[in-house]
Amino acid sequence: MGVGRRVLGSGDRSLEVSAQGLGCMGMSEFYGARDDAESEATIRRAIDLGVTFIDTADMYGPFVNEELVGRAIAGRRDDVQLATKFGQKRGPNGERLGTDGSPEYVRQCIDDSLRRLGVDHVDLWYQHRVDRTVPIEETVGAMAEAVQAGKVRFLGLSEAGTDTIRRANAVHPITAVQTEYSLWTRDVESKVLPLLRELGIGLVGYSPLGRGFLTGTLTNPSKLDEKDTRRNHPRFQGYNLALNMRIVDAVKRIADAKGVAPGQIALAWVLSRGDDVVPIPGTKRRTYLEENAAACDVALDDAELQALTEALPAATGARYPDMAPIDTDV
C-alpha cells in the first residue's frame, strides 16, 4: 500500500500531502544531542519512501532547523510539501521572548524563513502560537499578504481554539490546523475537530507517538539526555508515569498480537481517525523513520479500534510544564 496521499483543506485551499509527514523539531533541539548528517539523511530517506510532507519552524534550534531542512531538500524542492511556522520569538542564544503576531513581525518572519530554507515559497505556513495581544484578524491579514506575494501557498494555525479558527478563516481560508493528537492526547476531538470538519479544514497531528512514550521504549525518563525536555514533562513524572504506562501496555498487547511495533499501532490509530487527519511523527534517525512509515500498511479492525478508542484510560498529567501559550477552549 505504501504511505499514500491525503488532502488538507477543501476547494481552492486544498493541499495534497503524504498521508504521514515528518516532524523535524527534534533534529535540532528539545530531544537531546544533534546529528545533522543523520538528520539530513533521514529527511532524504523520507522523501524516497513517499513521506513528502516536511514540517519545521523558525524557532526550532532556534533558526537552524529550517537551514537543515533546506540543505536536505536542496534539488528536490518539487518533491516535497514544505511547512514551517512563525510566532514564537527566540533570541540568538535560545532565549524565549514570547509570542508575536504583529503584522510587522509576520512580514519579517516569512522572508527570514525563506532565506534559511533556501526556497522561494513554502506550501503551508502556520502561526505557531496565537498572540492574544494582537487580534487574529490582523495577524492572518498580514499572513494573507504573503500568499498574495507568492511566498506562501496556504495558511495554517497551530494550537488554536475554535473562536480563533472561525475568525481567522473569515479573513483568509485556513487549510490546516496543527495540534497535538495521539492516543493519549485527544482533547481536539471535543470541539476543534468537529469545527474543522464543518469548515473543511484539515488536521495535522503532532506528537502522534506521545513524544515517544507510545513506542513502549521510554520507561525511565531519568535516563534521557540532560537536554531532553521530556525529563520535565508532567506526564513523564512519578505517579503520572506509572498510570500512563497502562496506555502503553494496552497498545503493546495489540501490537504483539499483530506482530508489529507498538508505535505502528499508535500511528495506525491516528491514521484511522479520518482522511482529513495527517500525523507528523518526528524522528532524527532513518531506522525509526522507516518503522513509522510502515505504519501506513497497518490496518486495525473494528475490535482493535474499539479497544484503543474506548477502553484506554485517559492520560494523567498536563501536556506541557506550562500550558499558558496554548489558545484552547477544550
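User: Let's start with phenylalanine 213: what is its relative accessible area?

Analyst: Happy to! Buried means under 20% relative accessible area, exposed over 50% and partly exposed in between, using a 1.4 Å probe and protein chains only. Phenylalanine 213 counts as buried because its relative accessible area is 1%.

User: Thanks! And what kind of model is this?

Analyst: Residues are numbered from 1 along each chain as its sequence is written, and side-chain values use heavy atoms, leaving out hydrogens and water. Local features need pLDDT of at least 70, side-chain atom pairs count only at pLDDT 80 or more, and totals for chains, interfaces and linings use all residues, since this model is predicted.

User: How many aromatic pairs does the structure hold?

Analyst: Rings of Phe, Tyr and Trp (its six-membered ring) pair if their centres lie within 6.5 Å; planes under 30 degrees apart count as stacked, over 60 as edge-to-face and the rest as tilted. By that rule, the number of aromatic pairs in the structure is three.

User: Which class do the rings of phenylalanine 86 and tryptophan 125 fall into, with planes at 40°?

Analyst: Their centres are 4.7 Å apart and their planes stand at 40°. The partners come from distant parts of the chain, 39 residues apart, with phenylalanine 86 in strand β5 (residues 81–86) and tryptophan 125 in strand β8 (residues 122–127); helices (H or I, at least four residues) and strands (E, at least two) are DSSP runs numbered from the N terminus. Phenylalanine 86 and tryptophan 125 are both buried. Given the 40° between the planes, the pair is therefore tilted.

User: What is the angle between the planes of tryptophan 184 and phenylalanine 213?

Analyst: These two rings form a stacked pair, 4.8 Å centre to centre. Tryptophan 184 is in the loop between β10 (174–180) and α6 (192–199), while phenylalanine 213 is in the loop between β11 (202–206) and α7 (238–258), so the pair ties together parts 29 residues apart in sequence. The angle between the planes is 10°.

User: Which residue has its charged end over the ring of tryptophan 184?

Analyst: A charge sits over a ring if NZ of Lys or CZ of Arg is within 6 Å of the ring centre and within 35 degrees of the ring normal. The ring of tryptophan 184 has such a charged end 5.0 Å from its centre, and the residue is arginine 235.

User: How is α7 oriented relative to α10?

Analyst: The axes of α7 and helix α10 (residues 302–309) come within 10 Å and cross at roughly 160°; axes are lines fitted to C-alpha atoms, for helices over the stretch in contact, with angles from 0 to 180 degrees between N-to-C directions. Contact means heavy atoms within 4.5 Å, and here Val251, Ile254 and Lys258 in α7 meet Glu304, Ala307 and Leu308 in α10. Angles under 35 degrees count as roughly parallel, over 145 as roughly antiparallel, 65 to 115 as roughly perpendicular and the rest as oblique. The crossing angle therefore makes α7, relative to α10, roughly antiparallel.

User: What is the relative accessible area of glutamate 304?

Analyst: Glutamate 304 belongs to helix α10. Beyond its neighbours within four places in sequence, glutamate 304 is in contact with Ile254, Lys258 and Ala299. Glutamate 304 is buried, because its relative accessible area is 14%.

User: Lastly, what is the phi of arginine 211?

Analyst: Arginine 211 lies in the loop between β11 and α7 and is buried at a relative accessible area of 7%. Its phi is positive in a residue other than glycine, near 55°.
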